[in-house]
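Visitor: I have a model open beside me and would like to learn how to read it. Could you walk me through it, feature by feature?

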Amino acid sequence: KIQRAGRAQRARFCFSPAGSPRAFGFRVVAMGIIESTLGRIVHALLMPKEVPAWYAGGGKLSLPEAPKECLQLLGHVRLQVSDLQAARAFYVDTLGFDGLGDADQAAAVLRVGAASSELRLEAAQGAEAWPGHIYLWVRDMKATLERCRVLEARLGVALVEEVHNVTAETVVDALQLRDPDGNRFLVNQAPRNFADKVGNMLKPDAPAPGNVLAVVEACHVVPPGVAKQAAQFYRHFLGAAVTPKDGGWAVHFAPGKALRQALVFLDDDEQEISMEVTHSVCVYLPTEERFKAAFDKCCTEGVLSGSAASWPVVAEAREFRIASCVDPDDLGSALELETVVRPPSHPESALRAKD
């Protein structure tokens, strides 16, 4: 049987200062929503009639054709953690992300890589978990689970929320994990030969990927009605391909023939979620021309953030930022999620240049 992770908790959210009893209640109930959402997603992935046709659970990979106007890459997702050394123990030593250098103590950031994508782990007092989950593909599910159990015993903190043994009792089909700060992950075995295929997507001098081979999806739970507004922000300002998804909307990415990614916004029809903490994602556009067109549109409509508001500055930096997901209809903030926008030529891109 499939063990469901959903433990929906029924309550209303309210805006309150961080650290107050009401804010603590927000965090508890938010986790209830995320657990319920994760449970539905895991159930859909594992039920044979609902598994996407392109995902064979470690078997042969046959991807659907990418929607037109896909963005190129979900470059990184910024998560908050309370301690960088503890974060390294979980993300690098246990999950098997690639450690991209030592932690930048001045900026309080640790970068960890998964082939073409990264997580940016930002040290923050009272770290708030990402409001949703990150979906990963790994080389070795069994070894991942074993290392998580070892770290659990060492830290005295629960890291493994659910283990799904569907095909056989000895086979780990899916894992639901959380880091010591509550950031949640859904983990599956990568399809057969995916490591070789994703390696061919990377620059010739890129290191061979470690255990974590792909960030497939970043799922963000939002208040009712906000999912469509957030998706339309990416459609309107960046020209992204967006589609409705059960309970929300998805923004699509196509880094190469071997991988599809999505940034998914899921509405919760019964909850109001306070968005007091700003998180961040980085997206790459597929061409220099689309990067310039997106900058021009954002500049014209006055949604750029920071000092890079002129094309010469942006062209040199090869990136610009938008502080929140702006509703295209009234230019008001629909969701406090910062977006960093880059062209394919940005030096931090790990993807091989297309001919």
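**Cysteines, helices and sheets**

Guide: Let's begin with the cysteines: with a disulfide taken as a pair of cysteine sulfur atoms within 2.5 Å, the count comes to 0 disulfides. In general, a disulfide is a covalent bond between the sulfur atoms of two cysteines. Cysteine 298 is in no disulfide, and the nearest cysteine sulfur, that of cysteine 299, is 8.7 Å away. Please note that this is a predicted model, where local features need pLDDT of at least 70 and side-chain atom pairs count only at pLDDT 80 or more, while totals for chains, interfaces and linings use all residues. Residues are numbered from 1 along each chain as its sequence is written, and side-chain values use heavy atoms, with hydrogens and water left out.

Visitor: Is cysteine 298 buried or exposed?

Guide: The idea is relative accessible area: buried means under 20%, exposed over 50%, and partly exposed in between, using a 1.4 Å probe and protein chains only. Cysteine 298 counts as buried because its relative accessibility is 0%. Cysteine 148 also has 0% and counts as buried. Of the 355 residues of the protein, 54% count as buried.

Visitor: How many helices and strands does the protein have?

Guide: Helices (H or I, at least four residues) and strands (E, at least two) are DSSP runs, numbered from the N terminus. On that basis the protein has 7 helices and 17 strands. As for how the chain meets itself, a contact means heavy atoms within 4.5 Å. Among the contacts in the protein with a separation of 6 or more, 69% are between residues 24 or more positions apart.

Visitor: What span should helix α3 have?

Guide: The expected span is 1.5 Å times one less than the number of residues. Helix α3 has 15 residues (141–155), so it should span 21 Å, and its end C-alpha atoms are 21 Å apart, which agrees.

Visitor: What happens at the two ends of α3?

Guide: Here we look for a polar contact, a pair of N or O atoms within 3.5 Å; within protein, one must be able to donate a hydrogen and the other to accept it, and residues adjacent in sequence count only if both atoms are side-chain atoms. At the start of α3, a side-chain oxygen of aspartate 140 comes to within 3.2 Å of the backbone nitrogen of lysine 142. Just after α3, glycine 156 has a positive phi of about 70°.

Visitor: Which residues of α3 are buried, and what do they pack against?

Guide: The buried residues are Met141, Ala143, Thr144, Leu145, Cys148, Leu151 and Glu152. Their packing partners are α2 (84–95), β5 (132–138), β6 (160–164), β7 (174–178) and β8 (184–189).

Visitor: In what order do the strands of the 8-stranded sheet run?

Guide: Strands of a sheet pair through backbone hydrogen bonds, either parallel or antiparallel. Two strands count as paired if DSSP finds at least two bridges between them. This open sheet has the order β6-β7-β8-β5-β9-β12-β11-β10, with mixed pairing. Its edge strands, β6 and β10, each pair on one side only. At the β10 end, β10 (residues 242–245) and β11 (residues 248–256) pair in the antiparallel sense over 4 bridges. Threonine 243 stands opposite alanine 250, and lysine 245 has glycine 248 as its bridge partner. In this hairpin, with 2 residues between the strands, glycine 247 takes a positive phi near 80°.

Visitor: And what is the strand order in the sheet of 7 strands?

Guide: That open sheet runs β2-β3-β4-β1-β13-β17-β14, and the pairing is mixed. β2 (98–99) and β14 (320–322) stand at the edges with a single partner strand each, so one side of each has no neighbour in the sheet. Strands β13 (residues 279–284) and β17 (residues 337–342) pair in the parallel sense over 6 bridges, and valine 283 stands opposite valine 341 in β17.

Visitor: Where is arginine 235, and what does it contact?

Guide: Arginine 235 is found in helix α5 (residues 226–238). With a relative accessible area of 32%, arginine 235 is partly exposed. Leaving aside neighbours within four places in sequence, arginine 235 contacts Glu69, Ala240 and Val242. Its side chain reaches the backbone oxygen of alanine 240 at 3.2 Å.
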